[in-house]
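Work through these exercises with the sequence and the model open. Try each task before you read its solution.

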Amino acid sequence: MIIALNDNQEYVKAANAIKNQQFVCPGCKEKVILKSGDIKQKHFAHYAKSTCETFSENETTQHLAGKLQLAIYLQHFGDIKIEAVIPEINQRPDLLMQRGHRQIAIEYQCSPISQKKLDQRNAGYKSQNIHVIWILGNDYYVKNMTQTTILKFLMQGNLTFYLPNVEKFIHRTNFKKYDFERVSYIEKYSHQLFETVTVDDKLQINIQKQIYKLQNLLIQKRIDEKIVRYLYQRQRLLLNAPLWIHQGWHFGLSIPNWHWRMLSLLLIEYIGVGNVVHQDAFLTKLENYVLGDKEFKKQQSMSLLKELVQQKYIVQKEQYVLVKHVPLWYESIQEKLGKVRK
């Protein structure tokens, strides 16, 4: 064990511990002894016949080290308990912090967890009015995480990792997903759990590349036939669509950005110029193609609605949307590419 509690109920690393002090195990509160030698690094050990089970449940070295390091860091913000049981919901967070009248559960997640189990844990904490913070370990950090996995742990647009080997937090935010590219984000190393990361809203999209990539998908017949057929019946070609559909960046969609933006334009056409629809009805159509929870779905859909307003396709009046005009389609892809190259 590399961390124990001293007489002042403070978490102390074995490397910094003084030999003549008294220490107890953070889990079972039994006395432990500080050991050091020429071969093994300084560490705490239970006395013989100890029945402590807190740190013996097949816990990985990474998880244990990270959890204990986080306990030392967080003790400056409130009273910290390791593996404290919450009997009302039969849950045991890695760390439970009491700050005034507020309780905060800190989960240091190093191994895979299903969405169902994560939702159950979050629901349990919510039922007890306990705020929860999910912090991811090194295995998550080094992987190329899918949008679905990112959304599991995304809190207020931020994803937080803790790497025990360097004792630092990594914050990722400003997630974007351009079509035909990997998820992009801003990343910052910090010694602080609560960190403000500067957001860059500049778009860097190669429109010409987007058009050619979409053209290749059409040639390979890898585009949803329904939308191709729908456009064909209206004497339109997908590649002649407004340039705006290729400027998508929204993260967390179940379909490509170009497809989502195309559907929004077709929805505007369906409503018709001069007609009005309730904003919620409009947003519901968009939210059908967004992953994540209700808050995230609405946030992303509202963002697209704002773009449509900026393009002057629609006007928002209180809780209603008025269609101002429908975008013009190009006569040919050559005409469209000519606009891009200007």
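Start just after helix α9: Lys312 there takes a positive phi of about 65°. Helices (H or I, at least four residues) and strands (E, at least two) are DSSP runs, numbered from the N terminus. This is a predicted model, in which local features need pLDDT of at least 70, side-chain atom pairs count only at pLDDT 80 or more, and totals for chains, interfaces and linings use all residues. Residues are numbered from 1 along each chain as its sequence is written, and side-chain values use heavy atoms, with hydrogens and water left out.

**Exercise 1. Describe helix α9 and its surroundings.**

Step 1. Take the length. α9 covers residues 294-310, which is 17 residues. From first C-alpha to last, α9 reaches 24 Å, close to the 24 Å expected at 1.5 Å a residue. The expected span is 1.5 Å times one less than the number of residues.

Step 2. List the buried residues. Buried means under 20% relative accessible area, exposed means over 50%, and partly exposed lies in between (1.4 Å probe, protein chains only). In α9 the buried residues are Phe296, Gln300, Ser301, Ser303, Leu304, Leu305, Glu307 and Leu308.

Step 3. Find what they pack against. The partners of these buried residues are α4 (147-153), α7 (257-271), α8 (279-287), β14 (314-317) and β15 (320-323).

**Exercise 2. How do α7 and α9 cross, and which residues meet?**

Step 1. Recall the description. Two packed helices are described by the angle between their axes and the distance between the axes. Axes are lines fitted to C-alpha atoms, for helices over the stretch in contact, and angles run from 0 to 180 degrees between N-to-C directions.

Step 2. Read the values. The axes of α7 and α9 come within 12 Å and cross at roughly 60°.

Step 3. Classify the angle. Under 35 degrees counts as roughly parallel, over 145 as roughly antiparallel, 65 to 115 as roughly perpendicular and the rest as oblique. α7 and α9 are therefore oblique to each other.

Step 4. A crossing is left-handed if the near helix is turned anticlockwise from the far one by less than a right angle, and right-handed if clockwise. α7 passes α9 in a right-handed crossing.

Step 5. Name the residues. Contact means heavy atoms within 4.5 Å. Trp260, Arg261, Ser264, Leu265 and Ile268 of α7 meet Gln300, Ser301, Leu304, Glu307 and Leu308 of α9.

**Exercise 3. Now treat α7 and α8 in the same way.**

Step 1. The axes of α7 and α8 come within 10 Å and cross at roughly 150°.

Step 2. This crossing of α7 past α8 is right-handed.

Step 3. On the α7 side, Trp260, Ser264, Leu267, Ile268 and Ile271 take part. They meet Phe282, Lys285 and Leu286 in α8.

**Exercise 4. In what order do the strands of the sheet with β13, β14 and β15 run?**

Step 1. The order is β13-β15-β14, in an open sheet of three strands with antiparallel pairing. Two strands pair if DSSP finds at least two bridges between them.

Step 2. Find the edges. β13 (276-278) and β14 each have a single partner strand, so one side of each is left without a neighbour in the sheet.

Step 3. Place the helix. α9 packs on the sheet and touches β14 and β15. The direction of α9 makes about 115° with that of β14.

Step 4. Check one pair. β14 and β15 pair over four bridges in the antiparallel sense. Ile314 stands opposite Val323 in β15.

**Exercise 5. Is Ile106 buried or exposed?**

Step 1. Locate Ile106: it lies in strand β8.

Step 2. Ile106 has 0% relative accessibility, so it counts as buried.

Step 3. List its contacts. Not counting residues up to four places away in sequence, Ile106 touches Leu74, Pro93, Asp94, Leu95, Met97, Ile133 and Ile135.
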